[in-house]
Amino acid sequence: MRLNRRVFMLQCALAPVVLAGGASARAADPMLSESEPKALEFHYKADSATVDAKAHPSWTSAQKCSACQLYEDGADGAGSCLLFPGKRVAAIGWCTSFN
């Protein structure tokens, strides 16, 4: 899979944050709410089936957080995302930074 510059830069910038917290710390992190400012910035949806396809024409039903390069799998259908440190995102979620 090809890694673009934007994803690479995000991974480099956020890698220390991810590495500093262990798996146990991520499990205790709260879920990201769709109403949080950063979630609104990236149009995050906890369920990709609720994405407005007219507003996001590049979206497809196959795009879910669990298939994104920025997502790290966790427990209970949620994991961590480099875009939202300290928060867990739904594996079936989606945002405009899907890669």
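Biologist: Is C81 buried or exposed?

Modeller: Quick caveat: this is a predicted model, where local features need pLDDT of at least 70, side-chain atom pairs count only at pLDDT 80 or more, and totals for chains, interfaces and linings use all residues. Residues are numbered from 1 along each chain as its sequence is written, and side-chain values use heavy atoms, leaving out hydrogens and water. Now, buried means under 20% relative accessible area, exposed over 50%, and partly exposed in between (1.4 Å probe, protein chains only). C81 has a relative accessible area of 11%, so C81 is buried.

Biologist: How many disulfides does the structure hold?

Modeller: A disulfide is a pair of cysteine sulfur atoms within 2.5 Å. The sulfur of C95 is 5.9 Å from the closest cysteine sulfur, in C81, so that's too far for a bond. C95 is buried too, at 8% relative accessible area. The count of disulfides is 0.

Biologist: What is the order of the strands in the open sheet?

Modeller: Helices (H or I, at least four residues) and strands (E, at least two) are DSSP runs, numbered from the N terminus, and two strands pair if DSSP finds at least two bridges between them. The edge strands, each pairing on one side only, are β1 (71–72) and β3 (88–90). Strand β2 (residues 78–81) runs antiparallel to β3, joined by 3 bridges. The order is β1-β2-β3.

Biologist: Which residue in β3 stands opposite S80?

Modeller: Look at β2, residues 78–81, and its antiparallel neighbour β3. Opposite S80 you'll find R88.

Biologist: What separates the C-alpha atoms of E41 and C95?

Modeller: E41 sits in helix α3 (residues 37–41) and is exposed, with a relative accessible area of 54%. E41 and C95 are 54 residues apart along the chain, and their C-alpha atoms are separated by 9.2 Å.

Biologist: Which residue forms a salt bridge with K45?

Modeller: A salt bridge is a side-chain nitrogen of Lys or Arg within 4 Å of a carboxyl oxygen of Asp or Glu, and the structure holds 2 of them. K45 lies in the loop between α3 and β1, and its partner in the loop between α2 (23–28) and α3, so the pair ties together parts 11 residues apart in sequence. The closest N and O atoms are 4.0 Å apart, and the partner is E34.

Biologist: And which residue meets K87 in a salt bridge?

Modeller: K87 is partly exposed at 24% relative accessibility. The N to O distance is 3.3 Å, and the partner is E36.
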